[in-house]
Amino acid sequence: MELAPTPRSVPVVASQAAAEVLRLPRPRIVHPAPLLAALGLLVLVNIARIGEDGWVFRTGKVEPHGALGSFVALARGHWNPGLLKFAAVAAGLVLVVAVAYGRERWTARRAFLVTFLVTALLVVPGVLLQAGLRDSTAPWFYTNDSTYQIEVAGDLVLDGQTPYGHDYRGTGVDRFYSRDGSPQPGHKALDHFAYFPGAAITSAGWRLLPAPFDDYRFLVLLATLGLIPAALSFAGPLTVRLAVGAALAANPLVVQAAWFGTADAPSLFFLVLSFGLASRSRFVSAAACLAAAVLLKQFALVAIPFFAAMLITSRGGRQSFGRAAAAFAGVVVGGALPFLIASPGALWADTIGYGTGDYRIIGYGLASLLVRLDVLHNRNAAYPFGLLALLVWLPVTLWLVRSQLRSRQPWVGAAGFAASIFVLLFLGRVFQASYLLWPLTGMAIAAVLAAAQTASGTSTTNVEPRQGSESTEMRPFMRSTSSLLM
């Protein structure tokens, strides 16, 4: 029988776990081909479009300086997608070298390092160049209004103020919209902070770093790269988990989001981690991670019923449901309560009211289609999102949850989340291409859960691999990765 650690043994256990993680044990991997194919596909699709569709700023002469000035000088003082394409080509060359060893039995160390290096070459250069250009010009250039406003919200939190109901004129955000640095005080976004409290809280901590690394996109970058170890929190064949993690961290949508300034990655990181921990019966930690995802982005709310159904149908999930619910509520209340006390009406108006009722209709959803068909007169017209959500989205979601409960398969819940969030986005006033990261993440979670179930050879919702499966030999690596994530 395994004995519980004593207080004196805890530091020893922790140091041993840390040493085990740093060593990255060397179990053999039978099939590197799926991982190489996934990475190769990601490299090819990124080479074609990486660095495109950025904002065009009129900054005047740019003088490279600061810690990232060398990147600015290399780009000749302007946004240069060609440099990002060279980095993507370098990632392809890394794969060429890796393929030369593809007929050998790979170690976990090699698979992880190749995956991380290829992903980093696709994601990191754009963030470094954008942040360097911003540092060499002004805070309102080479950024995005969303991450810029999140940074200002973090500064407000550090000053003891609430970002909700705040007038953002004069903060610099109003100078972003002109693209030349002149104030544009008439923009509607200057009256609202459309993000949940987690964005302001994380920004407040991140703003304590020295410039230019206090740019919130560096946190987005870390969360993006963190999607790889988040995928490793699942059970199953290592190459499958690494391939899914790479697909999450290096697909063209998330690569652009990192440098462009779309701040979905932190919430997506906690969302993936919550399902991964739940699949390993770490229900309380999983619920806390889901709460963090919700605090960082409203879209994560859609995952709650599917996560709850996963717990109900899991071995031990019913017994842990109360503690998991308490952990979820504790994190959400702890993060949101100060802002609710400060201005409850402003919190609702900025995050829910503005996004569902006041925001300009854009994108590829039903609202835009109705504008094109002249059913709605213009992109600022009233649109019955709440009614459509009640009559269409809610019944669809309930049906999907019912299917999950009947199947008792965790991957069905993740696929249901992907379908539910896609329907909700289609019905919303705004359906931008970056929002597709959410159904994509749901499908990726479903894929890794299904792969783990296949490897374990079971039909239950607990997907730990059994003895004799291919993933059994990966258990030392899985344990070391779990100790890093817990």
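I started at Pro212, which lies in the loop between helix 8 and helix 9 (216-231). Helices here are DSSP runs of H or I with at least four residues, strands are runs of E with at least two, and both are numbered from the N terminus. The peptide bond from Ala211 to Pro212 is cis, with omega near 0 degrees. Most peptide bonds are trans, and most residues other than glycine have a negative phi.

Notes on the source. I am reading a predicted model, in which local features need pLDDT of at least 70 and side-chain atom pairs count only at pLDDT 80 or more, while totals for chains, interfaces and linings use all residues. Residues are numbered from 1 along each chain as its sequence is written, and side-chain values use heavy atoms, with hydrogens and water left out.

Positive phi. I looked up Asp53 next. Its phi is near 65 degrees, a positive value in a residue other than glycine. Asp53 sits in the loop between helix 2 (33-49) and helix 3 (69-74). I find Asp53 exposed, at 54% relative accessible area. For this term I use over 50% as exposed, under 20% as buried and in between as partly exposed, with a 1.4 Å probe and protein chains only. Asp374 also is not a glycine and has a positive phi, about 65 degrees. I place Asp374 in the loop between helix 17 (366-372) and helix 18 (385-407). Asp374 is exposed, with 62% relative accessibility.

Loop pairs. Val56 is in the loop between helix 2 and helix 3. Val56 is exposed, at 62% relative accessibility. I checked its C-alpha against that of Asp180: they are 124 residues apart along the chain and separated by 9.2 Å. Ala433 lies in the loop between strand 4 (430-431) and helix 20 (437-456). Ala433 is partly exposed, at 33%. C-alpha to C-alpha, I get 7.4 Å between Ala433 and Gly363, which are 70 residues apart in sequence. Leaving out residues up to four places away in sequence, Ala433 touches Leu253 and Tyr364; contact means heavy atoms within 4.5 Å.

Helix packing. Which angle do helix 6 and helix 8 make? Helix 6 (residues 145-158) and helix 8 (residues 197-206) pack at about 75 degrees, with axes 7 Å apart. Helix 6 is therefore roughly perpendicular to helix 8. The axes are lines fitted to C-alpha atoms over the stretch in contact, and angles run from 0 to 180 degrees between N-to-C directions. Roughly perpendicular covers 65 to 115 degrees. From helix 6, Ile150, Glu151, Ala153, Gly154, Val157 and Leu158 meet Ala199, Ala200, Ser203 and Ala204 of helix 8. I sort the residues of this contact into 7 nonpolar, 2 polar and 1 charged. Ala, Val, Leu, Ile, Met, Phe, Trp, Tyr, Cys and Pro count as nonpolar, Asp, Glu, Lys and Arg as charged, and the others, Gly among them, as polar.

Core. The largest nonpolar core has 140 residues, and Leu122 and Leu271 have the most contacts inside it. Helix 5 (residues 108-135) gives the most to this core, with 12 residues. A nonpolar core is a set of buried Ala, Val, Leu, Ile, Met, Phe, Trp, Tyr and Cys residues joined through side-chain atoms within 4.5 Å. Beyond its neighbours within four places in sequence, Leu271 contacts Leu290, Ala293, Ala303, Phe417, Trp438, Thr441 and Ile445.

Whole chain. I list 21 helices and 4 strands. Of the 486 residues, 53% are buried.

Definitions and conventions
Angles under 35 degrees count as roughly parallel, over 145 as roughly antiparallel, 65 to 115 as roughly perpendicular and the rest as oblique.
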